[in-house]
Amino acid sequence: METKNIMIVGVGGQGSLLASKLLGHLFLSAGYDVKVSEVHGMSQRGGSVVTYVRYGDKVYSPVIERGEADFIVSFELLEAARWLPNLRDGGQIVTNTQQIDPMPVITGQVSYPEGLVEKLRAAGVKVDALDCVGLAREAGSVKAVNIVLLGRLSNYFDMPKEQWLASLEANVPPKFLEMNRKAFFLGREGH
Amino acid sequence: MKELMLGNKAVARGLYEAGVCFISSYPGTPSTEISEEAAKYDEIYCEWAPNEKVAMESAFGASLAGRRSFCAQKHVGLNVAADPLYTMSYTGVNAGMVVAVADDAGMHSSQNEQDSRHHAIAAKVPMLEPSDSREALEFTKLAFELSERFDTPVLLKMCTRVAHSQSVVETGERQVPLKAYEKNIAKYVMMPGNAKKRHPLVEKRMEDLARYAETSPLNRMELCESNDELGIITASTSYQYVREVFGDNVSVLKLGMTNPLPTELIRNFAQKVKRLVVVEELDPIIENHVRTLGIPVSGKDIFPIVGEFSQNLVARLLGQELPVEKELPESIPVRPPVMCSGCPHRGLFYTLRKNNCTVLGDIGCYTLGAVQPLGAIELTLCMGASIGAVHGFNKMLGEEAARKTVAVIGDSTFMHSGMTGLANVAYNQSDSTVIILDNSITGMTGHQQNPTTGFNLRGDPAGKIDLEALCRAMGFKRVRVVDPYDLKQCDSVLKEELAASEPSVIISRRPCALLKYVKHNPPLRVDPDKCIGCKSCMRIGCPSISMKDGKARVDSTQCVGCGVCQQLCPKDAFVSGEGKEA
């Protein structure tokens with residue numbers, strides 16, 4: 001199988017590490033070669049952060065370049081737009097509709113672009129946008145945004161949902177499992 | 001067992017399996033997790049040292065004692081530890097000793113992108129370079145064998161992409177070879193008479209290692225029978241990019257040992273291909289070696305010295321097809337890193353900016369004090385440089401400069417190499433004000449303990465250095481402590497210490513707002529009836545505060561109620577508790 005590429009993008013501190021850990025576990029247990037690349041250090045402090053997940057028969061590079069991502073999973077709307085050049089032709093964006101103002105917007109130098117989902121769609125990009133914060137809250141914790149997103153992402157894969165749930169179970173503490181299962185299904189089936 | 005493992009964790013696993021007993025390191029991105037992951041093995045003694053030089057010397061002591069030892073640092077950390085390294089090359093080791101150094105091409109979290117291979121060449125020690133987690137684990141183990149076989153410290157060179165990428169590894173069992181300490185003055189006491197006898201042994205060792213490089217499994221030829229047009233020599237993460245672009249359709253000489261480099265192996269490879277290209281990040285070290293052999297080669301005539309490589313860069317520069325990409329017509333606002341909500345550095349930097357201070361900075365999260373709207377820091381060089389620099393600056397520009405110039409340095413950076421600078425201020429008596437930003441942790445690298453926190457790497461109680469007593473012992477009569485959340489106190493103490501015509505230290509003390517034990521106040525909100533939209537609160541660059549429809553607004557999911565904005569508001573519009581919001 002040709003290597004598949006998933007980018008997880010967001011703002012430093014949003015908790016994308018668990019999402020990449022879970023995906024890594026999922027694809028490894030499905031028998032694929034996997035590479036996951038993270039960002040640590042200075043760029044984490046509220047900056048734009050990105051994690052790469054790649055899987056296939058044999059994966060070489062740990063990074064995903066412009067025009068290569070099959071999926072961009074975004075924790076924040078502006079970040080989905082920022083990383084658009086990395087999406088391959090015909091690739092899919094799955095994004096949280098939450099907006100977090102970056103410092104140049106906060107200080108009033110520039111404004112947060114409006115109608116990004118519509119603009120992305122107008123550019124011919126497939127966008128699946130949902131209010132993950134609202135759904136995570138419904139599941140029991142705003143911290144479950146990552147699992148809501150993964151639930152949504154799972155719709156685009158042939159793998160049975162049991163496999164996703166097994167990876168969920170292997171990567172979250174037992175006391176939060178039920179809440180995270182709920183978050184997963186709210187993402188998978190929610191609107 | 002097969003598992004997905006971070007490159008740094010794979011090194012830690014290799015240390016465990018190689019029977020390492022002692023680790024001493026100073027944190028530095030992208031090397032930090034090696035020591036943190038190794039500390040999870042009860043069998044390994046693991047510590048944070050005050051700096052890389054002390055760490056390396058401690059690891060050397062452990063090797064001398066007959067136990068396999070290790071230290072890790074980022075590229076610039078090896079500059080600090082270069083002194084012991086260059087002479088350990090002469091003494092050699094007792095039990096195996098490996099030194100990891102993590103380069104940061106692309107400067108994800110560094111102040112320069114120097115190439116650590118120069119240190120291996122200059123110190124005359126072997127260097128291994130893994131290209132993924134599996135190799136990180138295997139090379140770590142092999143490095144200890146080479147260390148003992150060739151009687152030398154061995155450098156293990158990581159880079160950001162190998163250190164911070166997860167790939168599949170196979171783990172093994174731990175085996176612990178122990179050696180006895182034996183007194184050997186001729187080998188270990190490097191006074192001239194002994195060192196003169198050791199240097200020829202170093203040169204001989206490099207020759208032996210160069211011979212080993214010819215047949216070592218670390219260096220391998222991967223020949224493509226159907227294509228003799230192009231041959232690529234590469235190492236580290238660049239190997240992965242080359243394979244990503246060409247798959248199996250190109251011949252590759254993959255070097256896992258980049259010092260010393262093989263000669264016959266390269267000649268042999270060059271004969272098999274019509275065009276030879278070296279793909280290496282940063283400086284042309286392999287390329288220059290190939291040139292000295294008189295072999296025509298391309299390298300930095302095609303590839304940049306600056307920045308990180310990627311598969312698209314390799315594809316583009318070697319004439320391969322690139323994927324198509326889309327872009328939105330409008331520009332996307334940048335999202336630079338910022339000081340966190342409730343960061344204790346914010347109040348202090350606001351005060352420095354308000355007093356129009358010239359701020360000579362240092363290495364840590366607080367470097368973000370240079371970013372607008374605070375824009376307070378005017379120098380960042382290396383660990384500890386703020387204090388040396390303020391001394392020289394004030395000595396030359398005199399009293400007028402001393403009335404407004406300060407050094408700012410974090411607690412961990414101060415312990416690393418600020419103390420010696422402070423000793424110089426005390427000794428040579430410049431009228432300097434040094435501000436220690438004591439947030440009770442090493443913040444930038446992700447919360448590591450240090451000698452001022454009272455805890456060790458494992459989080460257990462440890463020695464705790466008293467900063468005030470230390471400064472007084474150096475001869476500072478003026479040592480003040482302020483709470484950076486209290487702007488009035490910060491302002492008055494800063495003014496007094498700048499006015500004083502003798503050296504002084506201000507300790508700005510409050511724990512990092514991200515520390516788990518720190519209790520936060522409830523988030524504040526803006527009372528829209530009181531807010532006049534004057535933007536006084538916008539001068540501190542707090543990510544929780546923004547303007548909406550002419551009024552300030554607080555993001556309650558981010559605000560930790562530090563209250564700094566409350567002290568700036570002329571109308572007391574920042575309030576706590578429930579109520580309507582702007």
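Student: Which backbone nitrogen does the side chain of S25(B) reach?
Tutor: First, a caution: this is a predicted model. To read a polar contact, look for a pair of N or O atoms within 3.5 Å. Here the side chain of S25(B) reaches the backbone nitrogen of A72(B) at 3.0 Å. The side chain of S25(B) also joins that of S35(B) in a polar contact of 2.8 Å.

Student: Is S25(B) buried or exposed?
Tutor: Burial is judged by relative accessible area, and the cut-off for buried is under 20%. S25(B) has a relative accessible area of 0%, so S25(B) is buried. S25(B) sits in strand β2 (residues 22–25) of chain B.

Student: What is S25(B) in contact with, beyond its neighbours within four places in sequence?
Tutor: The list includes E47(B), W48(B), A49(B), A55(B) and C71(B).

Student: Now a whole strand. How many residues of β11(B) are buried?
Tutor: Go along the strand residue by residue. In β11 (residues 251–255) of chain B, 5 of 5 residues are buried. Then sort them by direction. S251(B), L253(B) and L255(B) point one way, while V252(B) and K254(B) point the other way.

Student: Which strands pair with β11(B), and in which sense?
Tutor: Count bridges and check direction. Strand β9 (residues 219–222) of chain B pairs with β11(B) in the antiparallel sense, over 4 bridges. There, E222(B) stands opposite V252(B). Strand β10 (residues 230–235) of chain B runs parallel to β11(B), with 5 bridges. In that pair, A235(B) has L255(B) as its bridge partner.

Student: Which strand of chain A is joined to β8(B)?
Tutor: The reading is the one used within a chain. Strand β2 (residues 33–37) of chain A runs antiparallel to β8(B), joined by 2 bridges. S37(A) stands opposite S165(B).

Student: How many residues are in contact between chain B and chain A?
Tutor: Start with contacts, then area. 57 residues of chain B are in contact with 54 of chain A. The buried area is about 4700 Å², and carbon and sulfur atoms give 58% of it.

Student: How many salt bridges are counted between chain B and chain A?
Tutor: The count is 7. One of them joins the side chains of E330(B) and K119(A), at 2.8 Å from N to O.

Student: Which element gives the largest share of the side of chain B that touches chain A?
Tutor: α11(B) does, with 5 residues. By class, that side has 24 nonpolar, 20 polar and 13 charged residues.

Notes. Residues are numbered from 1 along each chain as its sequence is written. Chains are lettered from A and ligands numbered from 1 in the order in which they are written. This is a predicted model: local features need pLDDT of at least 70, side-chain atom pairs count only at pLDDT 80 or more; totals for chains, interfaces and linings use all residues. Side-chain values use heavy atoms; hydrogens and water are left out. Contact means heavy atoms within 4.5 Å. Buried area is the accessible area (1.4 Å probe) that two parts lose on being put together, summed over both. A salt bridge is a side-chain nitrogen of Lys or Arg within 4 Å of a carboxyl oxygen of Asp or Glu. Ala, Val, Leu, Ile, Met, Phe, Trp, Tyr, Cys and Pro count as nonpolar, Asp, Glu, Lys and Arg as charged, and the others, Gly among them, as polar. Two strands pair if DSSP finds at least two bridges between them. Buried means under 20% relative accessible area, exposed over 50%, partly exposed in between (1.4 Å probe, protein chains only). A polar contact is a pair of N or O atoms within 3.5 Å; within protein, one must be able to donate a hydrogen and the other to accept it, and residues adjacent in sequence count only if both atoms are side-chain atoms.
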